[in-house]
Amino acid sequence: MSELEQLTEAIRKGDRKQAGQLTETLLDAETDLEQVLGAMVTAMDDIGAKFQRNEIFVPEMLIAARAMSEAMNLLEPRLIAAGIKPKYTAVIGTVQGDLHDIGKNLVAMMWKGAGFKVVDLGTNVTPAKFVEAAREHTPHVIGLSALLTTTMPAMKSIITALREAGLNGSKVVIGGAPITQSYADEIGADAYASDAGSAVDVVRQLVAA
Ligand code: B1M
């Protein structure tokens, strides 16, 4: 198995130490940076697909995402120095009134794993903050997470605020345990994702469209 394949495997297994060591070895050997990134993305794609098929669960996914972060922390300065920037930007947050962030963090990690620049606004994010972030970062995608039935309407307020501000360039993806495709249709969201694995497929489709 090549060192790139070993890196993919280490991230899949969630072995932070090995992922970090292999990344250092690959960087010391001046391996093509995009290939190193590709090895990480492959691992997170596999993890996302397994999660969607219920072959792994939240803890395994978190462990893999942490191993990916370890490797990414080493790779990122090199990518920046080489002028290699993520092609796509996503802004994500949990909507106003809602403090649940475990699912949102998973989605953010998976989007990072898919090679997106992710600006995480945290929890309890007001429509005004989403508008401000959309102006500042001109993201391709804006992700809204809600876990409470009482905070679902905040998603509609955010979409309305973005549209009223003329910020129509970002696609809005929504998700969270009480959210459904029909709710996404009802409030005019561009897409719905049921879990962190499908959230990657959804944003890839949106940016490719
Ligand atoms: Co809260 N809570 N909670 N809670 N909590 C729920 C959501 C609840 C269903 C529990 C219950 O009653 N059975 C219930 C909501 C009921 C309802 O609205 N119908 C509830 C309640 C009522 C409350 C409080 C109001 C309780 C109280 O104080 N009386 C309060 C509200 C606080 C607030 O937000 N203002 C509250 C507080 C909390 C804690 C702070 C204690 C804690 C949150 C800690 C944290 O997030 N840092 C907490 C927790 C942990 C839960 C449960 C137990 C677990 C949620 C979770 O993290 N799941 C939850 C019950 C449950 O779900 N079993 C519950 C794991 C996570 C990986 O899944 O977030 O669904 P999830 O994310 C998934 C998908 O939904 C999707 O991908 C993720 C990964 O697959 N997804 C997206 C999520 N966001 C997405 C965005 C996308 C795409 C996909 O695109 C952008």
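How many nonpolar, polar and charged residues does the shell around the ligand have? By class, there are 14 nonpolar, 9 polar and 3 charged residues. Here Ala, Val, Leu, Ile, Met, Phe, Trp, Tyr, Cys and Pro count as nonpolar, Asp, Glu, Lys and Arg as charged, and the others, Gly among them, as polar.

Before we go on, a word about the model. It is predicted, so local features need pLDDT of at least 70 and side-chain atom pairs count only at pLDDT 80 or more, while totals for chains, interfaces and linings use all residues. Residues are numbered from 1 along each chain as its sequence is written, and side-chain values use heavy atoms, with hydrogens and water left out.

Let us start at the ligand. It is surrounded by 26 residues, and the closest are Leu99, His100, Asp101, Ser145 and Thr149; a residue is near a molecule or strand if one of its heavy atoms lies within 4 Å of it. The cobalt atom of the ligand has His100 (NE2) as its only protein donor, at 2.2 Å. Donors are N, O and S atoms within 2.8 Å of the metal (3.2 Å for Na, K and Ca), and sites may look incomplete because water is not among the atoms. His100 itself sits in the loop between β1 (89–94) and α5. Helices (H or I, at least four residues) and strands (E, at least two) are DSSP runs, numbered from the N terminus.

A backbone N or O atom of Leu99 is 2.6 Å from an oxygen atom of the ligand, and an N or O atom in the side chain of Asp101 lies 2.7 Å from a ligand nitrogen atom. The elements giving two or more residues to the shell are α5 (102–113), β3 (141–145) and β4 (171–175), and α5 gives the most, with 4 residues.

Two strands pair if DSSP finds at least two bridges between them. β3 and β4 are joined in the parallel sense over 5 bridges, and Ser145 has Gly175 as its bridge partner in β4. β1 and β2 pair in the parallel sense over 4 bridges; there, Val91 has Val119 of β2 as its partner.

How covered is β4? Of its 5 residues, 4 are buried, where buried means under 20% relative accessible area, exposed over 50%, and partly exposed in between (1.4 Å probe, protein chains only). Ser170, in the loop between α7 (152–164) and β4, is also buried, at 7%. Its side chain reaches the backbone oxygen of Pro139 at 2.7 Å.

Finally, look at two loops. Most residues other than glycine have a negative phi. Asn54, in the loop between α3 (33–52) and α4 (58–81), has a positive phi of about 60° and is exposed at 54% relative accessibility. Asn124, in the loop between β2 and α6 (127–137), also has a positive phi, near 55°, and is partly exposed at 38%.

Technical notes:
A polar contact is a pair of N or O atoms within 3.5 Å; within protein, one must be able to donate a hydrogen and the other to accept it, and residues adjacent in sequence count only if both atoms are side-chain atoms.
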